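Subject: Structure for your review

Dear colleague,

Please find the structure below, with its sequence. I would be grateful if you could read the notes that follow with the structure open beside you.

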Amino acid sequence: MNTPLLNIQGLVTQFSTRRGPVTAVDGLDLQLHSGQTLGLVGESGCGKSVAALSIMRLLPKPAGRVAKGRILFEGRDLLEVSEADMRRVRGNEISMIFQEPMTSLNPVYTVGFQIYEALQKHRKLSRRQAGQEAVNMLQLVGIPEPAARINDYPHQMSGGMRQRVMIAMALSCRPKVMIADEPTTALDVTIQAQILDLISRLKQEIGMSVLLITHDLGVVAETCQQVLVMYAGRAVEKASAVDLFEKPAHPYTLGLFASIPKVEDEILHPISGVVPSLYDLPEGCAFQDRCAYRQAQCLKRPPWIEISPEHWVCCWRYDTHHA
Amino acid sequence: MPIDYLIRRLVHLLIILFGVSVLVFLMLRMIPGDPAQLLLGEFANPEELAGLRSQLGLDKSLFTQYWIYLKNVLQGDLGISIRTEIPVAQEIFVRLLATLELSLAAMVIATFLGVAAGVISAVKQYSIFDYASMFLALVGVSMPIFWLGLMLIYLFSVKFSVLPMMGRLSMGLDVPSWSGLVVVDSLLAGNVPAFLDSLKHLLLPALTLATIPTAIVARITRSSMLEIQNQDYVRTARAKGLSNLVVILRHTLRNAFLPVVTVLGLNLGLLLGGAVLTETIFSWPGLGRYVVNSLMARDYAAVQGCILIFATLMVMINLLVDFLYVVLDPRIRVHD
Ligand SMILES: Nc1ncnc2c1ncn2[C@@H]1O[C@H](COP(=O)(O)OP(=O)(O)O)[C@@H](O)[C@H]1O
Ligand SMILES: [Mg+2]
């Protein structure tokens with residue numbers, strides 16, 4: 001395959017907390033190719049947002065920091081570039097939208113100004129052009145009467161509308177990558193589908209790649225070509241969406257599928273046990289305590305195994321040498 | 001701001017002023033001390049005293065006295081000062097402007113110094129600057145104004161003789177009285193020596209008066225900034241690639257400023273109170289000193305007039321704060 005647009009290698013992100021250091025992302029490898037949508041899936045608390053904020057270099061300071069790894073974007077390591085260069089990347093080449101549309105917009109500025117601000121920062125447009133472009137963006141994300149709504153304040157809009165504004169803002173400078181961190185989690189089901197459709201459509205139109213973070217496999221099925229499953233800060237399975245849905249391999253992924261409510265079956269099958277605390281992960285595989293296929297080797301870190309072309313699992317169960 | 005809201009506030013103002021006038025009227029007459037006695041001295045004979053009392057209307061019933069007072073006030077007549085025999089309104093007006101000059105200067109210092117210190121402390125949390133300025137703020141709020149004023153006078157006027165210790169302007173300098181604020185008037189008149197001289201006179205009293213509000217504003221600004229810094233929309237602003245300065249000023253301070261405005265408004269009231277002490281220390285010819293002296297002489301009309309003016313100012317400041325709030329926060333703008 002050609003070189004990925006965004007190539008994360010061995011990312012380790014840590015927080016220093018009162019209870020000591022905690023590794024929220026532990027050795028993450030992730031490749032996002034141009035034009036693709038990659039789903040980053042896992043239960044809440046598994047480190048998805050931290051991974052995204054690491055890419056943007058927006059980790060909460062001073063607690064969070066990237067301890068190891070490389071984040072190659074078009075060949076450049078974003079962890080090495082200056083803060084000034086990083087500001088030219090943010091919102092311009094890589095932009096991000098967040099889970100909470102209700103609180104992600106500044107309450108004291110009009111939505112128009114908040115879009116305008118990004119345009120003015122990155123694109124050499126006159127005031128009028130930037131203002132016009134802000135209207136165009138609102139139109140693009142499907143807000144009716146954009147020329148009037150541009151003067152609205154965030155509190156005058158619904159959650160779905162605000163998320164559309166966030167998308168307009170994120171896409172105003174035509175970024176190459178958009179990171180969407182659970183963009184629909186806080187929204188009503190009907191609105192969720194609209195926002196996902198919108199992201200897919202704009203991805204085509206603008207020709208960007210999307211890193212879609214979600215805990216919902218249903219969302220992945222609708223929108224992603226590639227999937228990466230995370231558990232307790234580590235990647236456990238990577239595959240194309242088709243492969244993952246046809247033959248999920250990692251016991252954790254299997255558990256995720258089993259826990260999706262199905263029409264014919266009224267009983268939910270949540271994964272037994274609880275997510276282990278990041279402060280005292282077991283030696284070896286982090287999932288072992290909840291795993292139905294646990295074996296002696298699980299006390300050692302499992303290897304990555306390619307069970308079919310481009311379908312990787314990090315699990316001893318598929319280790320043919322030892323079986 | 002809609003008209004009916006303004007009218008409602010004006011009605012409030014009238015009710016408050018009525019209440020205040022009754023209270024002050026009664027309280028003044030409850031404290032011991034007879035104006036006639038004070039005016040005529042210890043050895044005045046009873047006939048003289050009785051004559052003066054009836055001349056001042058003090059022999060009438062309290063209710064009648066208040067009724068006469070109220071009627072006069074409603075016609076803009078605050079009475080005549082028994083000490084100077086000049087209309088109280090006239091005396092108050094001149095002194096009010098002196099107090100206003102001092103309070104405004106203190107307010108400006110408190111706002112700029114306090115907000116700047118608070119912002120830097122929050123942005124550089126746990127830095128040396130943060131610890132130092134918060135320590136100073138703690139010292140500042142607990143500082144006795146009287147002691148501070150005297151120390152400043154000792155240091156800058158007595159020891160190093162770089163700043164004057166009293167008054168608003170040196171002898172021999174003359175400034176027209178257009179706005180009543182000497183600093184402004186001297187500047188408008190293009191009188192540079194007088195302008196610099198009046199600034200020098202203003203500096204120590206304004207610093208003294210500003211100490212406590214500066215400390216309060218710095219602390220509020222810091223805590224408010226720390227809270228807003230963690231808001232999602234500040235992260236959004238960073239994610240847009242905006243510069244640090246824009247994120248701090250436009251997206252953080254602008255929101256963090258709302259509680260600061262309230263505190264500033266409340267402190268303007270405190271400031272007027274603090275002005276009484278500061279004016280006494282620095283012989284500043286303002287309302288604070290005037291009200292104290294009038295009280296000593298049981299100059300009822302003067303004290304009542306001053307308190308009414310203070311109350312009016314407080315209510316207007318509150319109105320101004322409300323108005324600023326509406327300007328600053330679109331969420332509370334009334335919309336149809
Ligand atoms: N500001 C922080 N301070 C300390 N630990 C944090 C902080 N933010 C996140 N973490 C840790 O990182 C883990 C992953 O968080 P996050 O990436 O937000 O999860 P999610 O997958 O739900 O987005 C959390 O469980 C927490 O232990
Ligand atoms: Mg998250």
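The notes below cover confidence, the contact between the chains, and salt bridges.

This is a predicted model, in which local features need pLDDT of at least 70 and side-chain atom pairs count only at pLDDT 80 or more, while totals for chains, interfaces and linings use all residues. Residues are numbered from 1 along each chain as its sequence is written, chains are lettered from A and ligands numbered from 1 in the order in which they are written, and side-chain values use heavy atoms, with hydrogens and water left out.

Confidence

The predictor's confidence in each residue is its pLDDT, on a scale from 0 to 100. Chain B has a mean pLDDT of 89, with 98% of its residues at 70 or more. Helices here are DSSP runs (H or I, at least four residues), as are strands (E, at least two), numbered from the N terminus. For the complex, the predictor gives an ipTM of 0.92 and a pTM of 0.87.

The contact between chains A and B

How many residues does each chain bring to the contact? Chain A brings 26 residues and chain B brings 22, where contact means heavy atoms within 4.5 Å. The area buried between the two chains is about 2,200 Å², and carbon and sulfur atoms give 57% of this area. Buried area is the accessible area (1.4 Å probe) that two parts lose on being put together, summed over both. Of the area that chain B buries against chain A, 27% comes from B:Arg235, B:Ala239 and B:Lys240, more than from any other three residues.

Between chain B and chain A there are 3 salt bridges; a salt bridge is a side-chain nitrogen of Lys or Arg within 4 Å of a carboxyl oxygen of Asp or Glu. The side chains of B:Arg235 and A:Glu100 form a salt bridge, at 3.5 Å from N to O. On the side of chain B that touches chain A, α10 (232-239) and α11 (244-281) each supply at least two residues. By class, that side has 9 charged residues (Asp, Glu, Lys and Arg), 6 nonpolar ones (Ala, Val, Leu, Ile, Met, Phe, Trp, Tyr, Cys and Pro) and 7 polar ones (the others, Gly among them).

Salt bridges within the chains

Over all chains, the whole structure holds 26 salt bridges. In chain B, the side chains of B:Arg53 and B:Asp34 meet at 2.4 Å, N to O. B:Arg53 lies in helix α3 (residues 46-56) and B:Asp34 in the loop between α1 (3-30) and α2, so the pair ties together parts that are 19 residues apart in sequence.

Another salt bridge joins B:Glu101 and B:Arg168, at 2.5 Å from N to O. This pair links distant parts of the chain, 67 residues apart: B:Glu101 is in helix α5 (residues 88-123) and B:Arg168 is in the loop between α7 (145-159) and α8 (182-188). Are these two residues buried or exposed? Both B:Glu101 and B:Arg168 are buried. Buried means under 20% relative accessible area, exposed over 50%, and partly exposed in between (1.4 Å probe, protein chains only).

In chain A, the side chains of A:Glu83 and A:Arg90 form a salt bridge at 3.2 Å, N to O. A:Glu83 is partly exposed, at 33% relative accessible area, whereas A:Arg90 is buried, at 3%.

Yours sincerely
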